[in-house]
Amino acid sequence: MKLPIIDLSSPDPLSTAISIRQACIEYGFFYLVNHGVENNELVKAFDESKRFFSLPLQEKMKLSRKEFRGYTPQDPTLGLQGDSKESFYIGPMADSTSVMLNQWPSEELLGNWRLSMESFYWKLFGAGKKLLSLIALSLNVEEDFFEKIGAVDKPSAVLRLLRYPGELGAHEEVCSAHSDSGTLTLLMTEGVPGLQICRDKLKEPLVWEDVSHMEGAFIVNIGDLMERWTNCLYRSTMHRVKRIGKDRHSMAFFLDPHPDCVVKCIESCCSETSPPRFAPIRSGDYMTARLTNTPV
Ligand SMILES: O=C(O)CCC(=O)C(=O)O
Ligand SMILES: [Fe+2]
């Protein structure tokens, strides 16, 4: 299936906001084009990600995940349970304390890998922030709404590098069905298929649709906190990655709010007939609860 296309560089923000609104109500997913990250920057980031994953396991394990940053190997019980993927997390770089928590492969191993990834992170952050201002417009609030409430100024954005090995295993899914927990996600792939979305999570049996690749575009999806902000007007759509017997790399940038940001149903999304469905919640509390229930 093809998703709606949103042009981030459109000179007409109001009509872009209308298209975003429609896409988020109908799909919770869209392609983002002209997002400001050049193709050669994307290719370079994928190359760097592959360089990391090609390191010997013992080198990667030296950076094993702490405080949600670093490397997670494939589940050793591969084929029995868990997703067959390996990942590397680059966590929030909002301030000097959080920057310090990140783990990096040594210069001897991968040269200036850290610099490339940091600069890529900030590029993605710029695109995400601009998109968020258009999402605000699409909800009939001021374009700096999310900035004002602290959802972007001290971001808790995470860049997750992913590798799904191609070997055949017992499970149909290499990334099991889930919705993302935060504000929004920018997903990048190299065109290897596998991503599927389920537009109606209540329908039995679930219907999964393949998402086509669009060269150079990000695949954007709404997360659960945005669903909450919008009182379920915008959908945090379930998705998964199906095993296709081919090595697959992807990168997901989760633009999540600062932990202290309080997520409260936006007034323009509520009415007498549609009262707020959720109590306000501190983003950090919500995320912690989610991560405890659904390990990633
Ligand atoms: O690899 C993909 O295409 C999807 C990854 C994903 O959904 C996630 O990491 O949350
Ligand atoms: Fe996801």
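User: By class, how many nonpolar, polar and charged residues does the shell around ligand 1 have?

Analyst: This is a predicted model, in which local features need pLDDT of at least 70, side-chain atom pairs count only at pLDDT 80 or more, and totals for chains, interfaces and linings use all residues. Residues are numbered from 1 along each chain as its sequence is written, while chains are lettered from A and ligands numbered from 1 in the order in which they are written. For the classes, Ala, Val, Leu, Ile, Met, Phe, Trp, Tyr, Cys and Pro count as nonpolar, Asp, Glu, Lys and Arg as charged, and the others, Gly among them, as polar. For the shell around ligand 1, that gives six nonpolar, three polar and two charged residues.

User: Which strands each supply at least two residues of the shell around ligand 1?

Analyst: The residues around ligand 1 (C-beta atom, placed from the backbone, within 6 Å of it) include Arg160, Leu162, His239 and Ser250. Strands (E, at least two residues) and helices (H or I, at least four) are DSSP runs, numbered from the N terminus. The strands that each supply at least two shell residues are strand 5, strand 7 (184–189), strand 11 and strand 12.

User: Is strand 5 largely enclosed or open, and why?

Analyst: A residue is buried if 20 or more other C-beta atoms lie within 10 Å of its own, exposed if 12 or fewer, and partly exposed in between, with C-beta atoms placed from the backbone. In a regular strand the side chains alternate between the two faces of the sheet. On one side of strand 5, Val158, Arg160, Leu162 and Tyr164 are buried, and on the other so are Leu159, Leu161 and Arg163. Seven of the seven residues of strand 5 (residues 158–164) are buried, so the strand is largely enclosed.

User: What is the bridge partner of valine 158 in strand 12?

Analyst: Two strands pair if DSSP finds at least two bridges between them. Strand 5 and strand 12 (residues 248–255) run antiparallel and are joined by seven bridges. Within strand 12, valine 158 is partnered by phenylalanine 254.

User: Where is proline 205, and which residue does a cis peptide bond join to proline 205?

Analyst: Proline 205 lies in the loop between strand 8 and strand 9. The cis peptide bond has an omega of about -10°, and the residue joined to proline 205 is glutamate 204.

User: Are helix 2 and helix 6 parallel, perpendicular or oblique to each other?

Analyst: Axes are lines fitted to C-alpha atoms, for helices over the stretch in contact, and angles run from 0 to 180 degrees between N-to-C directions. The axes of helix 2 (residues 39–53) and helix 6 (residues 113–138) come within 10 Å and cross at roughly 135°. Angles under 35 degrees count as roughly parallel, over 145 as roughly antiparallel, 65 to 115 as roughly perpendicular and the rest as oblique. The two helices are therefore oblique.

User: Is glutamate 48 buried or exposed?

Analyst: Glutamate 48 sits in helix 2. Its C-alpha atom is separated by 6.7 Å from that of tryptophan 113, 65 residues apart along the chain. Because glutamate 48 has 21 C-beta neighbours inside 10 Å, the residue counts as buried.
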